[in-house]
Every structure is written in C-alpha cells, then in structure tokens.
Amino acid sequence: MPFIPHTDSDVRQMLGTIGAPSIDALFDEIPADLRCGKLRGVPEGLSEMEITRLMSERAAQDGRLLNFCGAGAYEHHIPAAVWEITTRGEFYSAYTPYQAEASQGTLQLLYEFQTMMSELTGMEVSNASLYDGATALAEAILMAARANDANNSLKVLLPRALHPYYAEVVTSCTSAQGLVTQVMPFDAATGRTKPDNADSVAPTAVVIAQPNFFGVLEDVDALTDWAHAQGALVIALVNPTSLAVLKPPGTWGARGADIVCGEGQPLGAPLASGGPYFGFLTARKAIVRQMPGRIVGRTVDLDGKQGFALTLQAREQHIRRAKATSNICTNQGLLVTAATIYLSMVGPQGLAKVATASMANTRKLVNALSDLKGVGEGFTGPRFHEAVLSLPRPVAPLLRGLAEAGIFGGFDLSTHFPELGHALLVCATETRTDSDIRLYAETLGRLLAA
Amino acid sequence: MELIFELSSPGRGAAAQHPPVAADLSAIPEALRRKEPPRLPEVSELQAVRHYTRLSRLNFSIDTQFYPLGSCTMKYNPRACNKLAMLPEFLGRHPLAPESHSQGYLACLYELQEMLRDVTGMAAVSLTPMAGAQGEFAGVAMIRAYHHARGDTARREILVPDAAHGTNPATATMLGYVAREIPTDAQGDVDIEKLKAAVGPQTAGIMLTNPSTLGVFERRIKEIAGIVHTAGGLLYYDGANLNAILGKVRPGDMGFDVIHMNLHKTFSTPHGGGGPGAGAVGVSERLRPFMPIPVVGVADGRENREKGDLGSLASNDSRFSTPDSRSYRWLDENDLPQSIGRLSAFMGNAGVLMRAYVYARLLGREGMHRVAEFAALNANYLSARLKAVGFDLAYPTRRASHEFIITLKKQKQELDLTATDVAKRLLDHGYHAPTVYFPLLVPECLLIEPTETEDLQTLDAFVDAMTSIWNEARSDMPKLKGAPWTLPVRRLDDVRCARQLDLRWQPAP
C-alpha cells in the first residue's frame, strides 16, 4: 500500500483501542446513501518505476525548444545549488511558520528575502510573497485603493503596453470590489506610455510597468510625477533582474513609487510551464498595514536573543476574517527560498551582468533578425531585454515553422495588439549564445524566403 | 544565526554563476540608470550554500518530525513527485510554448482533471487556482457569475459557519459579498434552524467544509443543501478536509455546486514553508461555463466524453505508453466565453499540478480509497489514546474524521495550562505542534491531524510525549510555561515584533 505503513496487526490493535469493529465503521456518521462506490475514473496505481517511465516518455515527447520567448517568463541560468538546497526536506516539507521557534530557518530566510526585495526596489518594506506577478499587481491595486487617502476613486489607470494576461487577471480579481480600469495608450513610434487620463476622473492608482510589455523603458520619473499630480498612488510593476541596473522605483520622480510589485520568476525559478513562480510586493512603510500576505519581523526571545516571527497578523484572514486585507493564506514560500539563495549567489555584480548580458543578447538578436528582408524593429524607445519586431507576414505560421525547426520564436502580439500588425515579441537572455541567435536568424530567413 | 548580509564582503562573489561578460550599462539612458548598486550579499558560493543549509536545519518539517498540524494535512511528500515534476523538459518548457510541443505535459494535466473530477463527483475541473484561498475566490466568483448571468443581482450574502477557516469570510469580502455567520450547535453540526432563518433571496450561497473544521462529518448535509438550493443559493465546498473522505463520499454527491481542493494537502504536494499550493476547482454542470481559464481539453472536441472513459489512462495495456492517439489543447475564453477569467499569468502553479498528478498515479484507485481509511484510523486511534490519558475531546460523542480537537478549557481553569504551553512543550519533545486556537469557538483547543502516512510507533511516541506534558502540568508548571527550551530560540516577543517593526536588515550607519 503506497505510503501507508500499517501492518495487519497494527490495524487490529488500533481498532481494538478505538473499540471499532472495522475501519469501515469509522465512517458510520456518513449517511449510507451518500457513500460512493469504486472510483471509476482513476486507474490502477503505478509503482515508482512505472510512473518514472511514463513521465520520462511524456517529457521526451515534448522535447526542448530553443527558447526566444519572454512575455512574462524568462529563461535565466539557475545555479545548481539553488534547487539542491531549496528541495532539502527541511524547507520543502515544512509549512507556514506559525510555530516560530520551530521555523527559524524559514523565518530568517524570509526576513533576508524582504531585505533583498526592499533593496532592489528601493522601498522600505516587503511582504513574504504573493502567488505570481499578475496577482501581485491585482493585490497592489486593491492595496492602493485602501491606502489612498487623497480620493475615494475606484478607477485605476493601466498602461495599454501591459502584459495582456496581467490585465485580465486584474479584472478577474478586482472588479467585484468595484474597481474599474482605464487604459493609457502608448506612443506608436517609441512604444512608451503616454500620460493620459482620458475622462479626467481622478484615479486612485496609476500602474507604471518598467520595462513595459514591449520591453520598452518608460520615462518613469515623468510618469510618476504626473500620476502623483492626479492624486493617484503609483504602482510600479517591475522586472526584478532589471533592478540591478535600472533606477529603483523608490526613487522615481520627486516622491518615488508608493507600491512596487512584480513577477519573481527571473530570480531562480525555472520556466516550468508557468509555475510555481512568486509575486513580490514592497511599499512605503506608512502603508504597511494595508499590505496583503505574510510579513516577517525580527524580535527577541525570552532571553533577549534575536529571533524572527510572522508579524502584523491582524491584517490577515486567520485573525481579521471578513475584514482582512486579502484572503491569501498559503503563498509561494518555496520559490522565495530559491530566490533568496539565487540572489545570494549571484550578488549585485552577478545580477547586473545577467541584466546587461540579456540586454546585449536581445540587441544582437534584433540586429540579426532586422537584417532579414521585411523585418524591422517595432519601436524606437530604449529597451531592456525584450523587443518587438514587425514581420512582413502573419506571425502564427512563421512561429509554427520555427517550432518545427526546434525554436520557440517568441510571443505573437497580433491577437492582443492588432494595431501593431504582424508583430512578434522576442527575448534573448544571457543563456542564449551567438550561434543560437544565428540559428534563429537563418531559420527565419529560410521561412521568409519560402 | 548571523544574517547573510553580515557575511558579505565588498567584491566577493560566486564567479562561476556570473555570465562571463562585463556589465555594460551604456545602452541604458543615463536618467534611467541605477546610481548605487543594491546591497545584496556579496558572498562565495560555499558561504551561501553553508548559510542556507544551516538555516534549513533550524526548521521542523515532515521529513524530520511528526507534524500533526490540524487542517493542513502534513502527510509524506513522496520524493518521486518532486523528481519527476522536475524533469528537464518540464522545467524548460516555456508557459506559452506551442501545443505541438506540449502534448506530454497537457496529457498529465488533462488526466489530473479527469481523476479529480471522479474523486469529487463534479462535472468538470479547472486546475488554475494557485492555492486554497484562490480556489475559494474562483468558486465564489463562479457563484456570483452564475447569479449575474441569470440577471439575479440582488443576492448579496454568503453564509459561512462560525467554525469556518478565515479564508472563507475573507474571500466573500473580496468578491463584494457580506459574510454572514451561521452558528454551530452543541454537537458540532451547523445549526439548521438558524440556517433556515438566515437564507432568503439575498443568499448567494454557503461555504462549507465537510468534515467541518471541528473534525466531524456534517451529517445533515443533504438537508442543508436542500435549504440553500430552495432559497436559490449555491453550495461551496471548502476542500481543506478532503483527505478525510477521499474515496468514501464525494462532494458532488452531497449536493455541492463548486469545490476547491488543496492539492498541497490531499494530493501531497509539498507545503514549502508556506506554499506553493494548488487550489483546483471542481464544478457542477450549471457552473461549468464560468470556470477559470485555461482548462485542458481534447483537441478533437471530445472533452465532454462520458464519465469514466479515460481511454489510455485506464487501460492496463498502456501503462507505459504515452497517449499518442489523442491530442490536447488549451481551452480559453473562446471556448468558455462566460468564464470568470484568468487568475494567474499562465497556468497556475503548473509544477505543483505535475507533482499532484504523479502522486495520484502512484496511489491509483485503491490508494485513493485507503487515504481516508487510514487517515481516519490514525485520528481515531490517537484521540482514543489521548482521551485515556485524561485529555478532553471537544466532541467526545462524535466520531473523529481525519482530525480531532482537544480542549484544555478545564485545565486552563484548574492549572492555568494553555494550548500554547502544550504546543511549545511538544516542540521540546521533537514534535511539531498541532494547530492551536482554531477553530475559534473551542476554547484552548488543539486541532490534531496525524494523516495516514504515520506509523503506529510514531503515534504511540506522541502519546507518550503528551502524557509527559499532562504529568508535568501537575508537577513542574514552570517547565511548561518556559518552553521550548531546546530550540534555536525560546518564546519570541510577538508584541515587540509588531510594535517596533523591524522588517528588513539595515547596514550599520
């Protein structure tokens, strides 16, 4: 019996202690007419050997494409030690550190993580993670609406140049609380977001994505000051790798961003089909009590010795119930473990090199592909490590051709951004080599010539 | 232990982990550049490895300790689940990779949907929610969408028993509902008369856990379903306690319209020090159109196949074969135009789903039935033995489900013994504490869930520890009040923690 240690004699002894005639008798409070028979839709169990074979075959069936897609998930080198340590049983099979004395490992790590995210974003306080970048943005918006004392508006300005799935998640997660979104357009030439509050109703929050979904770097100082002048709180949505080299949101404009959030995946989480990743959220200390999610603090024990514990729990669902800042309970602790080890291992110089090597590789990729006939750069604005290319033909068939050649060529923008025509979003991180880039260019060239 | 930042020296680093190029900032406009580098640690690879390995050893975990944390189902997390979910092809797959190169992955998710559908008795399953609380959000959002689609926008209340997890009322609020509490009767069941008085045209639905957080099966569930349905409301099943009934009774058969499952509980994916979880949702036929996207379907449009037909999955002949006869695709807003939408950027906690899939295949049909059986055997055995020691069960006349509650109400009055004292002293004995002070309506309570994967010797040793604490409460109270004594820290000052906020390290000025 997989994972069940009981011998027949154990069972007899235990039933004797309970005073029950059989295991089945333990279910005698369930009305008989509700009891289910055999599960028909679950097959017979497999041994570990058999499931290993099955999974290996399915993995091999999918193979591995040479990846040039970012669009919210980035393929970076992950030091081998990161997941070796992260999957140690002491991290892997522990739970939320409710018993602080028995969870100092996780708690201290979370405190270190909060420090690292505060440092990267230039903010005073950080929580201990949310589910992913998209839900972190949704939570940041709800937090801003609670925290904004300047107005009671429920309107949020989102850039049009936002990840389309993030925009959908924001709607799914915030609309029931009455929040409405309005779009700020982007400049067709530069790809930069235009400060534009079309109906002049004061927004409660303005979201600034740096870089934006097209990889373009925004004029964050001007946008931040403009947003504050509207009475809005500024939510920065950032790529954490980029913060090794880009101005931290805490210093944007005259007053800095109020809340910073984003997708933590680039910090040591594999692509893994979309998850688990983690969302991060940092903020000004003045609004920490509006934060969602776990927060760890440093304190002392009975002997005055340093220790760590979950704190400000009066914000949370298990204490505040219907009045909590969020319903979030389980978050993404294991991914935060990986990210903290990752950041310790790459350090400030390593992260800056990852960021700039990715920028340089994307530049090389754009140059190589732009040499192909009919291919051009989508925008003139400065950019981080992603770029929009305009193609002479519909994108989808070209991506299919590339996939047949073993290349994942990027994200087809034409569904979500029809105004861009045949547009493709590409990315080449530090993991791509010059020969990878050449292979992509040659293959696309062949497909375009056909 | 020192912080990683305190090990840092300027200029040190793990060179093998850096791209072999100099950082060139020239492509970044001056005004957008960072002026000062972030104060991340500058340590060697060995320093980092040693620091985090040492930190890990300060934790209690399932792999190192019995962890009877009620309502959390801390069962063994088979290592195969982790290893197979982390095969290089699965880890390297981009979330937006073409379906043509995702068939193996999609097959796993599709089959997981099908297996979960069967064990819950629901019409369809969506795997996207990333934890139980997000599953709750999805479930209540579907209830809301259902009412709104019928033009019924007057329903503003979600009913929640007073024993419910805090996530239930918090979820109702996030969806714009008012959470209305329904009291529990003396036997631990929902107070039916109070429920009857509370339902009406304002009732959108009720959120129930069954077995409840009190560790007992809600016997009149069919009656409750009838009352709520008659009032036009829907029933939401909080699957936190699904482990208790897996393969015994199905939420769909109890009359629930929507359910979430905590795959990190019942399907044994790791809790990871606080996640990631996965909160798959199952729905009845009438809520199917509102499911969160994406969902995995069969590419030929046969996703509505008859119940039980799992093709190659169920066939003994193809236990080793990949299902090459069928192809899968994502179903999105084009297939489900009334969907409540996306709840994550991509496909939820995909890697957690893969672990749950491997676990489900390892267990198989018979294994699923056994989960609840042995979870109940362990819980009832432990409760019988602790009762014999002298501890008071909160519901002594009821059968324990997969967990049970001890209340120290009497010992608090007589000896000033609290649930915290017992919890902290258990840590000295090498056991993680049970859940304490939840559910809120039982004073000085310990919610104990042993799970099915614990052996008899471990349970007996735990009883010995509890017996020792029971005796200590009468012989050496300071020992209990001062516990724990043997852990890296003693009891922490939570008040100071919240009042003198220290949420990040700062370098010495």
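Entry 1, the strand pair. I started by looking up what faces Leu157(A), and in this predicted model Leu157(A) stands opposite Gln182(A) in S4(A). Widening the view, I noted that strand S3 (residues 155-159) of chain A pairs with strand S4 (residues 180-184) of chain A in the parallel sense, over five bridges. I then asked what S3(A) and S4(A) make with helix H7 (residues 164-174) of chain A, and found that they form a right-handed β-α-β unit.

Entry 2, the contact between chains. I looked up how many residues take part, and the contact draws 170 residues from chain A and 180 residues from chain B. On the side of chain A that touches chain B, the largest share, 22 residues, comes from helix H10 (residues 333-370) of chain A. Sorting that side of chain A by class, I have 87 nonpolar, 51 polar and 32 charged residues.

Over residues 373-474 of chain B I find 52% helix and 12% strand, with the end C-alpha atoms 36 Å apart.

The model scores ipTM 0.97 and pTM 0.97. Chain B averages a pLDDT of 94, and 95% of the residues score at least 70. I also marked residues 301-322 of chain B, over which the pLDDT is below 50, although this stretch has 29 contacts in the model beyond near neighbours in sequence.

How values were computed:
Residues are numbered from 1 along each chain as its sequence is written. Chains are lettered from A and ligands numbered from 1 in the order in which they are written. This is a predicted model: local features need pLDDT of at least 70, side-chain atom pairs count only at pLDDT 80 or more; totals for chains, interfaces and linings use all residues. Two residues are in contact if their C-beta atoms, placed from the backbone, lie within 7 Å. Helices (H or I, at least four residues) and strands (E, at least two) are DSSP runs, numbered from the N terminus. Ala, Val, Leu, Ile, Met, Phe, Trp, Tyr, Cys and Pro count as nonpolar, Asp, Glu, Lys and Arg as charged, and the others, Gly among them, as polar. Two strands pair if DSSP finds at least two bridges between them. A crossover is right-handed if, with the strands pointing away from the viewer, the path from the first strand over the helix to the second runs clockwise. pLDDT is the predictor's confidence in each residue, from 0 to 100.
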